[in-house]
Every structure is written in C-alpha cells, then in structure tokens.
Amino acid sequence: MASVHETTEWRKLRPVILQRDLWTCQMCGALLRSGRRHKAAAVIDHKRPYDLRPDLAYDPANLWALCRDCHDRECRRIEDKARGMRQWTFRGADWIASEKAKCRFVGLDGATVIPTA
C-alpha cells in the first residue's frame with residue numbers, strides 16, 4: 001500500500017492546506033518556502049498522527065502547514081514524549097493534538113497570538 005504522502009488525494013490536498021494557511025507556519029509564523037532543505041520549507045503536519053488515526057489522514061481539520069524546523073523540533077518532541085508516556089494510542093492522538101496546539105503562536109489569519117497558560 002502506498003504511503004499517505006504518495007497518493008493522488010494527498011497531492012491534491014497539500015496545496016489546499018498551504019493556501020488555507022496562507023503559506024505561513026502555524027506554529028512560529030515563518031513564511032513557508034517550496035523545496036525540502038530550507039528550515040522554512042513547507043510541511044503539512046497531521047495534528048493527530050495518521051498511523052494512530054488513519055480515518056483523519058485526509059481530513060483538512062486535522063492538517064496544518066508548518067515549517068520544517070517546527071515540524072522536526074516541536075512535533076517530533078511531542079510525538080516522542082507521547083511514545084515515552086505510552087500515549088501512542090488511538091485516544092492518545094487527542095493528547096498529541098492538544099500538545100501541538102499549545103505551541104501555536106499564529107492564527108489562521110497570520111496574526112500572532114500569545115498562548116495562554
């Protein structure tokens with residue numbers, strides 16, 4: 001079976017998410033770039049990992065645009081923490097999404113917001 005990222009559905013959905021999020025990292029506010037190498041390269045992240053919630057793999061509400069730097073640092077840190085806490089479960093997917101949301105400093109309109117504790 002093809003990876004989610006290799007499907008026609010994903011290739012059609014990715015630019016829709018980038019456009020919706022105004023090519024802006026939804027964590028740090030960086031203007032996203034094409035390509036893969038730059039730290040501001042555009043990545044579409046699953047808020048709830050698709051291996052835990054395959055039913056949400058193509059759900060736009062479960063997807064957001066991030067820079068490669070935030071994805072590789074913050075998302076990976078949260079997902080590694082979930083694995084260590086045995087939260088890598090169907091129900092733990094909601095915990096992962098809520099932890100990722102705490103790192104969000106940018107609104108969908110691109111405006112910077114201060115997270116509340």
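**Charged pairs and the parts they link**

Q: What is the relative accessible area of D72?
A: D72 has a relative accessible area of 27%, which makes this residue partly exposed, a class that lies between buried (under 20%) and exposed (over 50%), using a 1.4 Å probe and protein chains only. Bear in mind that this is a predicted model, in which local features need pLDDT of at least 70 and side-chain atom pairs count only at pLDDT 80 or more, while totals for chains, interfaces and linings use all residues. Residues are numbered from 1 along each chain as its sequence is written, and side-chain values use heavy atoms, with hydrogens and water left out.

Q: And which side chain does D72 meet?
A: D72 forms a salt bridge with R68 at 3.4 Å, N to O, the criterion being a side-chain nitrogen of Lys or Arg within 4 Å of a carboxyl oxygen of Asp or Glu. The two residues sit four apart in helix α2, about one turn of the helix, and R68, with a relative accessible area of 27%, is likewise partly exposed.

Q: OK, what about K100 and E79, how far apart are they in sequence?
A: Their side chains meet in a salt bridge of 2.8 Å, N to O; because K100 belongs to helix α3 and E79 to helix α2, the pair ties together parts that are 21 residues apart in sequence. K100 is buried, as is E79. Elsewhere, salt bridges with shared partners join D69, R73, E74 and R77 into one network.

Q: Switching to α2 itself, where does the helix bend?
A: The bend is at R76 and amounts to about 30 degrees, taken as the angle between axes fitted to the seven residues ending there and the seven starting there. Even so, α2 (residues 68-84, 17 residues) reaches 23 Å from its first C-alpha to its last, close to the 24 Å expected at 1.5 Å a residue. Just after the helix, R86 takes a positive phi of about 60 degrees.

Q: Which residues of α2 are buried, and what do they pack against?
A: The buried ones are C70, C75, I78, E79 and A82, and the buried residues of α2 pack against β1 (42-46), β2 (63-67) and α3 (92-102).

Q: How many residues of β1 are buried?
A: Five of its five: A42, I44 and H46 point one way, V43 and D45 the other way. β1 runs antiparallel to β2, with five bridges joining them, and H46 stands opposite L63 in β2.

Q: Zooming out, what pattern does the chain follow?
A: Along the sequence the order is α-β-β-α-α, that is, three helices and two strands, where helices (H or I, at least four residues) and strands (E, at least two) are DSSP runs numbered from the N terminus. Of the 117 residues in the chain, 39% are buried.

Technical notes
The expected span of a helix is 1.5 Å times one less than its number of residues. Contact means heavy atoms within 4.5 Å. Two strands pair if DSSP finds at least two bridges between them.
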